[in-house]
Amino acid sequence: MQPIFITLNSFQSKEVQEKGQGHFFPLIAHAGAQGAEIRRELFSEEVGSLQDLRTQLEEAHLTSVYSAPVDLFNALGSLNKEAAALTVMEAITLGASLVKFSLGHYNMQRSSVTELKEWLASLSLNDHNLQITIENDQTNHGGSLEKIHHFLKEAKEQHVPVKMTFDIGNWSFTGEDVFSAAKVLSEYVVYLHFKHIEQQNGRLVTLPLPAGETSEWRELVSHFSNDIPRAIEFPISDGNEACSYTALLANA
């Protein structure tokens, strides 16, 4: 059975920033989830260190994924080494099993996957069992199916240890077809983000997964290996909802 993670941005951001992400670990564990996705954008100076969070995760018997709003390739199409290295070091300090970047401004003609391979080798990631992934984000440059597929295919050919976090909802923001993306990218995916997207009052909004047996997200699940970790990334109001949605996702 696949592990279930709950992302910390599923809770009210103001409350998370005031109380700290560790405040929610007991709730996440009680819900039956196996892990928490720590979000760098929700850090505030007064809530403690990454080492503190690691201790709190261990006390709650949770594993972790680390998410940072950092592009792997900068606006010039070059490897974003300084910011990416800092993010990797933060993930290692946290004890995360996986770190998630946006692909960023990857250029299919100019960006160097060879340079990425050499840079990753210098980090000795095998010593920390840390998986690097890129996620399809909500931007046209970072959420392009063509660019993501080109990058992952080239990475595979050059034996670069980068895989994919597949967010089923973000394709709605970039106008890509989620089923086409799943078909093309499934072999690279090691982590799944779940959310439901609807258009309301002229804008796209993130909602909880519908529970119906014919829901689109249930059909998507069949495109991926059943042992891939799944993450809840939609609004959760309390512990009861956390329990319900964890069970829903675990049993799909």
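Phe 234 is buried, since its relative accessible area is 2%, where buried means under 20%, exposed over 50% and partly exposed in between, with a 1.4 Å probe and protein chains only. This is a predicted model, in which local features need pLDDT of at least 70 and side-chain atom pairs count only at pLDDT 80 or more, while totals for chains, interfaces and linings use all residues. Residues are numbered from 1 along each chain as its sequence is written, and side-chain values use heavy atoms, with hydrogens and water left out.

**Aromatic pairs**

- Rings of Phe, Tyr and Trp (its six-membered ring) pair if their centres lie within 6.5 Å, planes under 30 degrees apart being stacked, over 60 edge-to-face and the rest tilted; by this rule there are ten aromatic pairs.
- Phe 5 and Tyr 191 form an edge-to-face pair, at 5.8 Å centre to centre and 80 degrees between the planes.
- Phe 5 lies in strand β1 (residues 4-7) and Tyr 191 in strand β7 (residues 189-194), so the pair ties together parts 186 residues apart in sequence; strands (E, at least two residues) and helices (H or I, at least four) are DSSP runs numbered from the N terminus.
- Phe 5 is buried at 4% relative accessible area, and Tyr 191 is buried at 1%.

- Thr 165 lies in strand β6 (residues 162-167) and counts as buried, at 0% relative accessibility.
- Leaving aside neighbours within four places in sequence, Thr 165 is in contact (heavy atoms within 4.5 Å) with residues including Leu 98, Thr 133 and Tyr 191.
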